Amino acid sequence: MLRAIDEATHMSITLRAYNVLFGDALLVSWDEDDGTHHAWVDFGNFHNDPNAVFEKVYNDVLTRTAGKLDLLVITHRHLDHMEGFFSLRKHFKADFTIERVWYAHVTPSLDHVFEIAERTLRSMLPASIPDGDSDIGRVFRNNFGASGDKIRQQMADILKDIGVPASRIFKIHRGLNLKPALPPGLKNLGIEVFGPEKNSNRYLQPLEHALQTRGIAISAVNGRVKATRRDPFDGARSVKFGKSSLAGLADLARLRRQLQSGGLDVLGAVDTTRNNTSIVMRLTHGSARLLLVGDAEAMSWEIMRKNGAPLKADAIKVGHHGSINASPAWSFTTVMPTKLAGNAAVISTDDDRFTGENEVPKGSVLNGWRARLKSPSRLLRTDSKKLGESVAVTLEG
Amino acid sequence: MPGLRTRDASEPSAITIPIIVQDPRRTPTPVKVSVRGPLLAGPIGERMAVFDYNVDRDVVFPPATPRKDGSFPDYALHDMRFHQLNTYAIAARATELVELELGRPLRWGFEGSRLLVVPHAGVLENAFYSAESHSLQFYSFMGNGRSRRAYHTALAHDIVAHETGHAILDAVRPRYYEPFEPETSALHEAIGDLCAIFAALSHEAVQRRVAGSLDRLNLLSEIAEGFEQAGVRGWGSIRSLVDATPADWKDTIEPHDLSLKLSSTIYLALRKLHQTLMRRGETKLDALRTARTVIQRMAVRALDFLPPADCTLAEYAEALLAADRSVHPTDDSGFRGIVHEVLARRGLVSKREERVDESRWIEYPPSWPRPSVRDAYLFLHANRHRLALAPHADQRDFVVRDVQLKRLPTSPGEVAQIAIVYEYPVDVKLALQEAEAFGDQWITLRGGGTLVFDALGVLLYEARKPVTRERVDAAKRFLVEGSEESFTVVGVSLDDDIRRAAARRPWIAELAGGRLALRSNLAACCGRSTRPRT
């Protein structure tokens, strides 16, 4: 049965989602024999979204948890899931005791591919885009970090500064023996991990294809990823456009400008690949099941389905802020085969941020989850609350 | 005038150029063809200019350069200059073929005299026509097979002719680039494929290869054979006109799939004619040549009989029959009857022949049969109650979009037919349901019609396209149904420029100034059909 948090009684699990603009910040709280325990899952928002909200959320979590966290999870390496942790990382050591930190396992070679993709993108997108305040610029930085502040380094800085010894930090993937990675004293909560895969290259196909169609082939050489530019024009005699006799022709300028645009395919593929490396986990507390999917997109869902992952749950944190690419049509009934009064769906989103074909949250996704709920009010959106405030659902086990 | 040299337009100096007549792997030996000259280095001709710019490397490949006598050297197949000449010659011949059948020169659908041809634009599995940049863009990619060979779309005869077909239809009916009717985009694709098969059939080498195999997979029926490593039964084509069945276009608005409804039907008509002619005693090869001439003539002449906007496949089929009827009223050979039967069987036309009102109109201008645009307007104005202007026949403003003076091979030099195209805009506010997807926007539907007269002023055909309640409802349905999967929505920011350039969906919905405009995204063409094939 679903009830408001203030009505929660013994043996319940609560999912709280904060309005951090466009991003995720989740607090999961459950009852153990010695009291309430907590896991903080993701904390971030889109690059250039105001960071002032982080402090309010941080203080709220601190108050609710009294500074004791069983688990801190960074589902994947995107700023809208980790920038809050990064910007406040040096406070954690003093304020929190954290038993375990989990972050998504990524095959090292994938980082090399991302580096290749970033270099490719910088040559393909207009120079003003990566650092500019446009949607595409922000998606770029969400994936790669800002200039001089690389996302890979930010992740390393979080792990270094957050005040948890390396022995208690775990790279999580499906199939990993979770026993040492679980917080001590966990009796009433079960945690299953369905993703990501240990071999991240399984998620690489869209990015490989996007690069390949641009003439860039990825191969592994001595354990290191190598990009080779092998295009159909190898060996052909050519002259740099600027030095050619055609350079001064004004009527060719429009054609050249049009040809020089592009790159969105590669950026989209990077975004998808990172999303698919999200930690997907199901928390079981008594009979209550809560599914947290990060931003896992369709490919990750398909792999989980093929693996026979038991995705059934009473409540879900809807993937990727309600995007069309993270709630496959079959997922609604697979997760919630029966329309029960206790079913709930929570979406961390910011309405009107993306519209048109990239509308987020997508109407069909909202409808899909709504159709699995007894009451439309069980679909909770963070953007229904003021900045820094939260929505919450409680499931009784 | 003494001292001035004038060009004799009837005898342009022909230039011989070797080309690949289908796909380099299936027809590797170049065949020499003629195009109108003279040509400058590029090659650059009167109507087209090859500009071999490569965006990925920001380089220009040196152009094919003619000798002093105007001829070009024999470049090797792998030489970029061979590709330049190949692309130019295929595109130029396809255009010349259409102009010959239409009986009039084409004027491109954009402001400019030359169509830019870019044979090696970059690395992509694509090729497309872009009216915005006045160009045909051909990309190249590395194949996926074991050999990882380069595939240059500029060397694929079907692809070059198909993209030229887009430019040709855009020249004839520029409004088809901005449809509120999904079948109009399908027509664009079908004309591209028909252009590809007619251009292929102009080569004797192809005729000989396919004359005995029209009813199974063959060089002609397979569009861009070799584009994929393994496609339908190993042919690797993008589309198959002989294999297509109604299941391929059922319940879809995707233009490539939907186009098969028309292109495969025209192909079927070609086969039926071929069989009929053989039964009448012609050899396989002669029967093919005759069938090709008949079908090509009908299919191309239909273009001048089309309505100004939002054309459906059925309207094209009607125009095809009407175009033939206009020159062969009695169908003595029975060819039109055969084609009519095939079109009717596929549900594209009704079984009975349409007849038009042949009564005289009023106030023909003295300049008839060579009316200027202004004369044509005054003539239509005097007859406005007979036009598709209702319900505001008196008040409705309209423009004469085009006056096409057509000659026929049987009457060279004489104007045999006059096609007048008129149109007007109707603004429609989106209702709540459509506004959910696009916001509070206006759309503009185009009404109007096409009138084809003979030189004496007898109306031969009328394609009416009023803006009816049904059309408005259908346009709104299209917007709602397409918004989820078929449209790339763009505004006016730099981000939108990038989105537009990367768009691979069939239509681009442009939002600016409270107005929603749809554009066919021809960059979505030359891609593989996503529908499963068996």
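Which side chains meet in a salt bridge at 2.7 Å, N to O? They belong to A:Asp234 and B:Arg57.

## Before you dig in

This is a predicted model, where local features need pLDDT of at least 70, side-chain atom pairs count only at pLDDT 80 or more, and totals for chains, interfaces and linings use all residues. Residues are numbered from 1 along each chain as its sequence is written, chains are lettered from A and ligands numbered from 1 in the order in which they are written, and side-chain values use heavy atoms, with hydrogens and water left out.

## How the chains touch

On the chain B side, 47 residues are in contact (heavy atoms within 4.5 Å) with 45 residues of chain A. Together the two chains bury about 4100 Å², counted as the accessible area (1.4 Å probe) lost on being put together, summed over both. Carbon and sulfur atoms carry 59% of that. In chain B, the residues losing the most area to chain A are B:Arg57, B:Val123 and B:Ile498, together 15% of what that side buries.

## Charged links

B:Arg57 shows up again in the salt bridge with A:Asp234. Chains A and B have 2 salt bridges between them, each a side-chain nitrogen of Lys or Arg within 4 Å of a carboxyl oxygen of Asp or Glu.

## Strands across the gap

Strand 13 (residues 239-240) of chain A pairs with strand 5 (residues 59-60) of chain B, antiparallel, over 2 bridges. Strands here are DSSP runs (E, at least two residues) numbered from the N terminus, and pairing takes at least two DSSP bridges. Within strand 5 of chain B, B:Val59 is the bridge partner of A:Lys240.

Definitions and conventions: Helices (H or I, at least four residues) and strands (E, at least two) are DSSP runs, numbered from the N terminus.
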